Amino acid sequence: MRALNMQQLCSFAQDNQKIDGKFLILKAGDISILHKFRVRGCRLNLLVFSGTMEAEVNGNAVGLKRCDFLDVLEGTSFGIRSYSEDVDFYCFVTTREFLLEVMQNVVPGPKDYLSIIINDPVIRLSSNSTSRLFKQMRLVDEVLSDMDHCYREEMLAAYLHGFGLELGNVLIKEKSLDVPGQTRPVVKDTLLANFFDLVWKNFRERREVSFYAKELCISTKHLSRVVKAHTGKTPHQIISGEVLGLASQLLKNENILVQQISDALHFADQAAFSKFFRKYMKMSPSEYRKKMR
């Protein structure tokens, strides 16, 4: 299954569904795109308000039903495996940069929200909260579809800002999660977000933790402490997980040679790649490929 980035995904959408390269809205009528392709390199928010679907998040099956809200980060791959005929949803696809611009550096919602959705991207909401978020998403849909609006992009930004604040309010109140102590990003949250951003951009070429610590201008020890505290994993486990996730996806395509995957992930040779893969998966790449047939 081919993976699409933000720009490629926008090429499949109508003009009244998108701000090219920045934002895209998908609905039930567009589900074939998410069924046919995987999405990667995008921030994705999906709210189900009827029916069911089985999604794939980083190769893992995730069941979604009415009142489920899915928040997928940029480095995570997403696609839909199957869905019921009555499924209905809104799906926002955007970029971290555009979201930061829209939210004007305000980070609504509970403390440690990033680490929450890293561990589990699906949030179960009440019917009332689902209705509240649906109304905000519909406002975004309506202004985006109005191609003649003189302030279309400005209104989109305003409604997205409102959606972000409503989402934060829902999560804090309904899930009894802590309110952040300030409206601007706290240092640790920003550090964690920047770390993941670097990993998603560089994990194919760079797997040493020292590289990421240097890019973030902090010590390896401090980076390890923050990442472990927020995610329960070490930076090395996070990086290796991304490598394994991509390798596993590529191995499902039998037209790609194991050597080509090794080269794409910048291993010294196929033997080094096989050793790395076996360490974590307890089987060789070839054995994994046979198992996935």
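Contact is defined here as heavy atoms within 4.5 Å, and helices (H or I, at least four residues) and strands (E, at least two) are DSSP runs numbered from the N terminus. The model is predicted, so local features need pLDDT of at least 70 and side-chain atom pairs count only at pLDDT 80 or more, whereas totals for chains, interfaces and linings use all residues. Residues are numbered from 1 along each chain as its sequence is written, and side-chain values use heavy atoms, with hydrogens and water left out.

The buried residues of helix α13 (residues 285-292) pack against α10 (235-251), α11 (258-264) and α12 (270-281). These buried residues are Pro285, Tyr288 and Arg289. They lie on the same side of α13, because they cover an arc of only 100° around the axis, the arc being that of the directions from the helix axis to the C-beta atoms. Lys290 and Lys291 are exposed and sit on the face of α13 turned away from its buried side. Buried denotes under 20% relative accessible area, exposed over 50%, and partly exposed in between (1.4 Å probe, protein chains only).

Pairing requires at least two DSSP bridges between two strands. Strands β3 (residues 23-27) and β10 (residues 88-94) run antiparallel and are joined by 5 bridges; Phe23 has Thr94 as its bridge partner in β10.

The structure contains 15 aromatic pairs. Rings of Phe, Tyr and Trp (its six-membered ring) pair if their centres lie within 6.5 Å; planes under 30 degrees apart count as stacked, over 60 as edge-to-face and the rest as tilted. The Phe49 and Phe134 rings, with centres 4.6 Å apart and planes at 65°, are therefore edge-to-face. Phe49 belongs to strand β5 and Phe134 to helix α5, so this pair ties together parts 85 residues apart in sequence. Phe49 is buried, at 15% relative accessible area, while Phe134 is partly exposed, at 22%. Phe195 and Phe196 also form an edge-to-face pair, 5.6 Å centre to centre with 70° between the planes.
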